Amino acid sequence: MEIVVFIEVRDGVAKKSSLEAASEARRRADQHGWKVAALLVGSPLEEAAAKVASYKPDRILLADDALFASYSSQSYSAALAEAVRQENAHTVFVSATTMGKEVAARTAAKFQTSVLADVVSIERDGNTWKTRRPVYSGKAYAEVQSKEGAPVFITLRPNVFSAGAPDPKAKPEASKLSVPIQPQDVKERVVETHKAVSETVELTEAEIVVSGGRGLKGPENFHLVGDLAKALGAAMGASRAVVDAGWIDHQFQVGQTGKVVSPVLYIACGISGAIQHLAGMSSSKYIVAINKDPDAPIFKIADYGIVGDALQILPLLTEEVKKLKSE
Amino acid sequence: MNIIVFIKQVPDTATRIKIASDGKNIEEAEVTWIISPYDEYAIEEALKIKEGKGTGKVTVVSMGPERAATSLRNALAMGADEAVHLLDPAFEGSDAFTTAKILSGAVKNRPHDLLLFGKTGVGMDQSQVPAMVAEILGLPLVTQIAKLEVGDSKIVAHREIEGATETVECSIPAVLAAEKGLNEPRYPSLKGIMAAKKKPLETLNAAAIGISAAEAGAQGSGSIVNSLSLPPSRQAGKILQGDSQDVAKQLVHLLHDEAKVI
């Protein structure tokens, strides 16, 4: 098995971005005549394993033990390292999520190497990988290449690589992976998880993001952004200005000291477009800007612009979207 | 409690990035250098922990060229007790693992209960070094910390992950990485700035931390940056004309029929 792909399982479900990584592994393996082993860590894993199977890895490895029921970077990286050794992998794909970044970095360090981190494209070059990754939150891109010598760890930016079409008939062999780790080796553990009480989707994984800025005038109007997001099935975002002003929690911030997003559609409402904000969203496929100031920098990168008051336009847009969805 | 805070000097987030003539680095001529914003939360947290316990020592460590000393002085002015500058031309071009090796080498023989980082170095945006230092030193790791309680032998941290918040417990010593929102970093006072001038700032090179030149820098790294480039520039598109009702209708129509994204 030449490619090992790490599948992140949360609440028994395989994360979408991990399925993207599995699909990319399949595509690369098909090109080069390699095999793919998908590693799932957690407990229970049945439902996630069935889902992953349809993305056609050659083999599924299950690290299913009570020790893995709650996440720890120590135990999960021990599992990934064991899979890499057992499968003699030359390449490891992990989705660049919070968990993925930790597990990939810890495991790579066990092999005395770095991670080609958060890449948006990859290319095989001889026995090395050439990757492209955003730096300065997307103000620039770096081409980073691995040197010869296995294994190469690559984390793939979520929402960039296509998840491809699953094949429900695929039946890869599954086997249990035994991981040489003892409970006393695990010094951190997650004791509690609260799912975000949000009617909208997670920001970094969303196909559509609706963001609000100072043009909304006050926190009491922010629900207008939420309403449109809900109508579109989108995630909600915010500019740094309104996060710093305390209108909304930091987890919604898009930009250089917040989240970097690349949805299919980004709607910026009452956001002028400071450099650090643009850095966080300018790789979106389509950008819509709604702003009172016709000279706002956001219009320079927007595919569609509306010069007007977001407070007025937003409710009308939400209505129009609802009409469209009910057709 | 001995707290070590790792900081990185980075271009101000308002910087317009230009590529240098070598095509591999950024043009530094007009750059204002700052402490990476997430690292400021780490410094502040270290100072708060020390103040809360009424005892302890906060050491700031940075790997970087000569100019990084300014950021270390700033951290001392905020209230850190001492600083270590890892300075050697051999360090240039180090990738994340090599950097982690250098940082670990610099602190492994110093007393440490907590090793604090920002969750990512603004710029290279990799979020790898804290996890790698944790692995090299055999320590537990908690990243993206938005709230932290430090006991005598363990910490409890709250952090935000995709679509959820987690509470994590971990034993001390540990590697911790700060998220925005953890605290409000203080500004150095005039008194702090004056005091910082007299605080110890030690400079260590590769030999001093037992790392050979061949192990460090681009030579010792498993990955290399071939080139930097600017993203393709986006063109301004259509400005929709009409009254509010009109433009709302037009936009939904365009997104549905032209862009086909809703």
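**View 1. The two domains of chain A.** The C-alpha centres of domain 1 and domain 2 of chain A sit 32 Å apart. Domain 1 covers 3-185 and domain 2 covers 203-326 of chain A, with bounds from an automatic or database domain assignment. Where these two touch, domain 1 of chain A puts in 9 residues and domain 2 of chain A 10; residues are in contact if their C-beta atoms, placed from the backbone, lie within 7 Å. The domain 1 side of that contact has 3 nonpolar, 4 polar and 2 charged residues. Here Ala, Val, Leu, Ile, Met, Phe, Trp, Tyr, Cys and Pro count as nonpolar, Asp, Glu, Lys and Arg as charged, and the others, Gly among them, as polar. Keep in mind that this is a predicted model: local features need pLDDT of at least 70, side-chain atom pairs count only at pLDDT 80 or more, and totals for chains, interfaces and linings use all residues. Residues are numbered from 1 along each chain as its sequence is written, while chains are lettered from A and ligands numbered from 1 in the order in which they are written.

**View 2. The two domains of chain B.** Chain B is split by its assignment into domain 1 (2-215) and domain 2 (232-262). Their centres, taken over C-alpha atoms, are 44 Å from each other.

**View 3. Helix H1 of chain B.** H1(B) runs over residues 37-53, and its 17 residues reach 25 Å from first C-alpha to last, close to the expected 24 Å (1.5 Å times one less than the number of residues). Helices (H or I, at least four residues) and strands (E, at least two) are DSSP runs, numbered from the N terminus. How many residues of H1(B) are buried? The count is 12 of 17, so the helix is mostly covered; buried means 20 or more other C-beta atoms within 10 Å of a residue's own, with C-beta atoms placed from the backbone. Among them are Tyr38(B), Tyr41(B), Leu47(B) and Ile49(B).

**View 4. Where chain B meets chain A.** This contact takes 71 residues from chain B and 75 from chain A. Elements giving two or more residues on the chain B side include helix H3 (96-107), strand E7 (141-150) and helix H6 (244-258). H6(B) gives the most, with 10 residues. By class, the chain B side has 37 nonpolar, 22 polar and 12 charged residues.

View 5. Strand E18 (residues 304-307) of chain A and E13(B) run parallel, joined by 2 bridges; strands pair if DSSP finds at least two bridges between them. Gly305(A) has Ile239(B) as its bridge partner in E13(B).
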